[in-house]
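Thanks for coming, everyone. I'll walk through one structure this morning, piece by piece. Please have the sequence and the model open.

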Amino acid sequence: MRLQNKVALITGGNSGIGLATAKVFLEEGAKVVITGRNAETLAAAEKALGGNALTLKVDVTDVAATERAFAEAAEKTGKFDVLFANAGVAGTTPLGATSLEQFNAIINTNLTAVFFTIQSALPHLNDGGSVILNGSVHAVLGAPGWSAYAATKGAVRAMTRNMASELAPRGIRVNQVTPGGTKTPIWQPLASTADAMSGLEARLGGMSLLGRMSEAEEIAKAALYFASSDSSNVTGIEIVVDGGATSAP
Ligand code: NDP
């Protein structure tokens, strides 16, 4: 029980990596709060977590609503020990066809909202707590169509190190999980049929040394390391869970 008596807040906890992390954190004894926008998937996640998580319906790009939701949650659960700033969107568009609106939408969710999620949680975060950001191998790997997304994840990577420095006086550790291609609903817009998904799995898996995409639980276990006292003297780093994609020749 590595998170006994700990309170963990996970944004985007109603799907994919966030939901898998909520399960792992609950199994390790944490009190878990999950956020999401979609009422239907939030309800499904609440059920999947056995009714043991507090759910918050909030759009993280709405800073005032996020501040209110976190304050309300902290009143119910007590101060947070762990924040997993995980909510994010993917989007690929060719450089020449990306509108300012599309670019701003991805920056708002994956970068601006991550910054303000952490800022909004800070007053409710215990000293000695753990903040975990969700990056991506796209911060260091090039792929056509991913420039806007990659820009957000490169910035998240930089923020991890700077926030680690800023929050160290409070004993708050700031680290990042860095997934490679991971099997979650984020890929549905790009691979909506079973055939398209297996083609995508083969292509993304084939880019790694171990030959497959990650499971969401494999990212969750890296988040658990950062959340628990196993990493009590670790801050400002990332764990890359990509089957070796970023080490492949
Ligand atoms: P999912 O689509 O399964 O989950 C994304 C989550 O983010 C959902 O819970 C979604 O909630 C939430 N979210 C998105 N936008 C908002 C918003 N404006 N306000 C509140 N919640 C929001 O994808 P993953 O689990 O794969 O993605 C989680 C993180 O992992 C992302 O940051 C992504 O960039 C990162 N990642 C994923 C990889 C992969 O291959 N899967 C690889 C590298 C990084 P709702 O559905 O309610 O909108």
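Predicted model: local features only at pLDDT ≥ 70, side-chain atom pairs only at ≥ 80, totals over all residues.

Let's start with a pair of helices.

The crossing of helix 1 and helix 7 is right-handed. Which residues meet there? From helix 1 we have Gly16, Ile17, Ala20, Thr21, Val24 and Phe25. Facing them in helix 7 are Ala216, Glu217, Ile219, Ala220, Lys221, Ala223, Leu224 and Ala227.

Some of those names come back in the core. The largest nonpolar core has 59 residues. Ala8, Phe25, Val32, Leu83, Ile219, Ala223 and Ala227 have the most contacts inside it. Which element gives the largest share of this core? Helix 7, residues 216-227, with eight residues.

Take Val32 from that list. Set aside its neighbours within four places in sequence. Val32 then touches Ala8, Ile10, Ala22, Phe25, Leu26 and Ala53.

Let's go through the strands. Strand 2 and strand 1 run parallel, joined by five bridges. Thr11 has Thr35 in strand 2 as its bridge partner. How many residues of strand 2 are buried? Six of its six. A general point: in a regular strand, side chains alternate between the two faces of the sheet. In strand 2, both faces are covered. Lys31, Val33 and Thr35 are buried on one side. Val32, Ile34 and Gly36 are buried on the other. Note that Lys31 is among the buried ones.

On to strand 4, residues 80-85. Strand 4 pairs with strand 1, residues 7-11, in the parallel sense over three bridges. Leu9 has Leu83 as its bridge partner in strand 4. Strand 4 also pairs with strand 5, again parallel, over five bridges. There, Leu83 stands opposite Val131 in strand 5. So keep Leu83 in mind: it is also on the list of residues with the most contacts inside the largest nonpolar core, given that such a core joins buried nonpolar residues through C-beta atoms within 7 Å. Strand 5 is mostly covered, with seven of its 10 residues buried.

Helix 3, residues 63-77, packs against helix 4 at about 35°. Their axes are 9 Å apart, and the crossing is right-handed. Helix 3 brings Val63, Thr66, Glu67 and Phe70 to the contact. Helix 4 brings Phe116, Thr117, Ser120 and Ala121.

Asn5 sits in the segment before strand 1. Most residues other than glycine have a negative phi. Asn5 is not a glycine, yet its phi is positive, about 65°. Is Asn5 buried or exposed? Exposed, with 10 other C-beta atoms within 10 Å.

Ser99 is in the loop between strand 4 and helix 4. Ser99 is exposed too, with 9 other C-beta atoms within 10 Å. From Ser99 to Ser208 is 109 residues in sequence and 31 Å in space, C-alpha to C-alpha.

Gln119 belongs to helix 4. It counts as partly exposed, with 13 C-beta neighbours inside 10 Å. Gln119 and Ala196 lie 77 residues apart in sequence and 39 Å apart in space, C-alpha to C-alpha.

That's the tour. Over to you for discussion.

Key: Residues numbered from 1 in each chain as written. Buried ≥ 20, exposed ≤ 12 C-beta atoms within 10 Å, placed from the backbone. Helix = DSSP H or I, 4+ residues; strand = E, 2+ residues; numbered from the N terminus. Contact = placed C-beta atoms within 7 Å. Pairing = 2+ DSSP bridges. Left-handed = near helix turned anticlockwise from the far one by under 90°. Axes fitted to C-alpha atoms, helices over the stretch in contact; angles between N-to-C directions.
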